[in-house]
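Here is my note for a colleague opening this structure for the first time. Please read the points in order.

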Amino acid sequence: MMASRIVTVCSAALLSAVPALCQGSDSARAGGSSAGSPQSAAAAPARRVEARPYRMNDRDVFMDAARTAWTYVDGQYNAQTGLVNSVHGYRYATVWDIGSGLLALYSANQLGFLADADYDTRMRRALRTLTETRLYDNAAFNKNYHTETGRIAGRNGQEEATRDGYGWSALDLGRLLLALKVIAANQPQYAAAAQAIVNRIDFSRAVAGGYLRGEDLGPQSRRPRTYQEGRLGYEQYSALGYAAWGHPPERALRLTDARPVTVLGVPLLADTRGGDLLTSEPFVMYGLEAGWSPEMRDLAWRVLAAQEARWKQTGSVTIVNEDALNGPPYFLYYSVYADGKEFPVAPPEGAAPGPTPRTVSTKGAFGWHALLPSAYTWLAVQKVAAARTSRGWGAGVFEESGRISGAENVNTAAVILEATLFTRRGGRPLLEVAPTPR
């Protein structure tokens, strides 16, 4: 049921930085799951999907979705800083969100939604903000920023509570770094500004022992604490950003901390360190932005196959992801596998208590449909159609009721725009430099 055409190329920039990753060396595999097909892996009986005469990477479907995504980005753009609000009306953004905002602007320009002159003004303003804004401990970008002023923000958007910030996320930095590389590689006029931003980061503190390292201040002690950051999927995706700029976290790039597990008959990998969140987002963005390495391609289609297997078993369209939620706890992680559980839903650590309903992710549906289009991914795209609003795309829909589950946000918009550009490029990832048809 999966399409046979799967992107396997890596960009020249990444190939020079991490050749073993892009060439898929055997030593990179830790868990060692056997090869196979989604059909043979999923043991559940087949459930019929309504046929649709669609082409791979359906141009009309994606362009229509991208126009709605651009409505959000354009409406939530802050001209003073060049940054885009993370959620509708919320003037704060994490570094991950900032990376999404940059890629949303880039994709919108390439798709013809944003004229070159206007795009140049917006992109240069955003890059200037990142060149001038305060860093945490003069080492890396703080976890959170005010999108209207560009100033550092504290936890939960408490800008007034901090002047110097409270830490950095190594994973978020990786997202920003990859976004900057996409822009610098495809548009040389911004390369110098992107390099200046990258030069601000102290990579000796963000990368150590081949892994990504985060740092923050303890909420109570206010003392610095460092920690290894990233688990299976997110770790490999974010490590690409560091590698693209010549600072490869060698162990984080590869599936070195993995063990085999099986979910609904599908062979997968779990993280040996625990705390794993095997979800759609990192695999989707890895494929759209850099192109899957062979080992990541193998794991990616299995992650999707497990979701399809759950649909076959339960009749509920399943597209897992991390996504915003309308109401406490305001954010949920929905995974294929996490900490020994199949298809768990959980809030972030320390979040306010609240319900943990299952949702179908909008960005997940469009991302998978761009990368591995099938009758099932088309069914998923149909399922999330109810998440469209006059202001953009909601994060998803509730699995049971079909109502919008989360507000419009920059990460959903960015992935839809990226997925559309990916299809317009004939399945070439954004970091593979090539002319883009208008």
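1. Over the protein chain the mean pLDDT is 86, and 84% of residues reach 70 or more.

2. Ground rules. This is a predicted model, where local features need pLDDT of at least 70, side-chain atom pairs count only at pLDDT 80 or more, and totals for chains, interfaces and linings use all residues. Residues are numbered from 1 along each chain as its sequence is written, and side-chain values use heavy atoms, leaving out hydrogens and water.

3. The core. A nonpolar core is a set of buried Ala, Val, Leu, Ile, Met, Phe, Trp, Tyr and Cys residues joined through side-chain atoms within 4.5 Å. Buried means under 20% relative accessible area, exposed over 50%, and partly exposed in between (1.4 Å probe, protein chains only). The largest core has 132 residues; Phe 141, Leu 268 and Trp 368 touch the most other members. Helix α7 (residues 170–186) gives the most to this core, with eleven residues. Helices (H or I, at least four residues) and strands (E, at least two) are DSSP runs, numbered from the N terminus.

4. Look at Gln 307. Gln 307 is found in helix α13 (residues 294–314). Gln 307 counts as buried because its relative accessibility is 0%. Its side chain reaches the backbone oxygen of Val 303 at 3.0 Å. A polar atom of that side chain lies 2.8 Å from the backbone nitrogen of Val 320. Beyond four places in sequence, Gln 307 touches several residues, including Phe 343, Trp 368 and Tyr 376.

5. Salt bridges. The structure holds 21, each a side-chain nitrogen of Lys or Arg within 4 Å of a carboxyl oxygen of Asp or Glu. Glu 235, Asp 257, Asp 271 and Arg 273 are linked in a network. Asp 257 meets Arg 273 at 3.7 Å, N to O. Arg 273 meets Asp 271 at 2.8 Å, N to O. Asp 271 is buried at 3%, whereas Arg 273 is partly exposed at 27%.

6. One more pair. Which residue forms a salt bridge with Arg 310? Glu 399 does, with the closest N and O atoms 2.9 Å apart. The pair links distant parts of the chain, 89 residues apart. Arg 310 counts as buried at 9% relative accessibility, and Glu 399 is buried at 11%.

Notes: A polar contact is a pair of N or O atoms within 3.5 Å; within protein, one must be able to donate a hydrogen and the other to accept it, and residues adjacent in sequence count only if both atoms are side-chain atoms. Contact means heavy atoms within 4.5 Å. pLDDT is the predictor's confidence in each residue, from 0 to 100.
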